[in-house]
Amino acid sequence: MAPPEGKTKGWGLKLLAGGIALALWFFVVTTQRSQVALAARVEYVGLHDDVMLVGERVDSLDVEVKGVRSVVARLGPDTIRVKVNVADLRDGESVLQISPEQVEVPAGVAVVRISPAHLRVAVARVVRATVRVTPRIHGAPAVGHVVRRVTVEPPAVQIKAPRSTIDARGTIETMPLDVSGLRQTVTRRVGLAVPQAATVDEAAVRVTIEIGREEEMRQRKQRAGR
C-alpha cells in the first residue's frame, strides 16, 4: 500500500531543509576567517661544510597569519617555519629581507606580516685542526695526598671553527674538575669547554686523576735523584 501523498511530501521537505541547513553550516565554517600572530621557528638552509654561522642568531620570528578559522586554530610553533637561505652569503655580516614566500604555512593560510622583516646573519669560513686537550683541575686532595698524574683519553680532538678562533689557541680545555678531598685515583667523563662558533668531534673525554700519598711521592723523588 503506497504512503499518503501528504506524508511523502513532508519527508521530502524535511530532507530538503536538512540539506539546506548542512550547506549553510558548511558555508559558515569554511568562510569564517581568523587572524593570529605566532612565533615561527627559523631554519637556516644551504650552509656549506666550509662555512658556519657565527655571532648571535635569531631562532624565531613573529609571523601574523590569517585563514579559515578551523585551520588557524590548529596552528602552533611546529606548524609554521621560516626558511632562510644562507648558501650564497659572503664572509661577514649580511642583512637579509624575509618575505612571505619564505614562510611555510598549511594550505588555506596566508602570511600577513613578519616581524622583524630583516635579519642580520654572519657567516665565516671554517677550518679543521687537531688540538690538544688540557684538563682543568682545581681544588686540592685530602691532607697528605697529592695529584700524581693526570691523563686524558683521547689526548687530542678535531675542532671545526673560524680560522681566527683556531689560530688563537692550540689547545682546548675540559670543564672544571674538582679534586678537593680526594684520597684515591678517579676517572671521570667530562665535557669540553668548546669556544663559541666551534664544534668538536668529541663531546667529552675521559680524565684519570691519579692521587698518591705525599710521603710516597717524596720518597720516590729522593730515590730517583740518587
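**Strand pairing, cis bonds and burial**

Q: Which residue in β16 is the bridge partner of T187?
A: The bridge partner of T187 in β16 is T208. This is a predicted model, in which local features need pLDDT of at least 70, side-chain atom pairs count only at pLDDT 80 or more, and totals for chains, interfaces and linings use all residues. Residues are numbered from 1 along each chain as its sequence is written, and side-chain values use heavy atoms, leaving out hydrogens and water.

Q: What makes β14 and β16 a pair?
A: Six bridges join β14 to β16 (residues 204–213). Strands count as paired if DSSP finds at least two bridges between them, so β14 and β16 qualify with six. They run antiparallel. A strand is itself a DSSP run of E, at least two residues long, numbered from the N terminus.

Q: What kind of peptide bond runs from S115 to P116?
A: That bond is cis, with omega near -5°. P116 sits in the loop between β7 (109–115) and β8 (118–134). E153 and P154 are also joined by a cis peptide bond, with omega about -5°. P154 is in the loop between β10 and β11 (156–162). Most peptide bonds are trans.

Q: Why is S94 called buried?
A: Its relative accessible area is 18%. Buried means under 20%, exposed means over 50%, and partly exposed lies in between (1.4 Å probe, protein chains only). S94 therefore counts as buried. The residue belongs to strand β5 (residues 92–97).

Q: Why is L47 called partly exposed?
A: L47 has a relative accessible area of 37%, so the value falls in the in-between class. L47 lies in the loop between β1 (33–45) and β2 (51–54).

Q: Which residues does L47 contact, leaving aside its neighbours within four places in sequence?
A: M52, L53 and V86. Contact means heavy atoms within 4.5 Å. L47 and V86 are 39 residues apart along the chain, and their C-alpha atoms are separated by 6.0 Å.

Note on methods. Helices (H or I, at least four residues) and strands (E, at least two) are DSSP runs, numbered from the N terminus.
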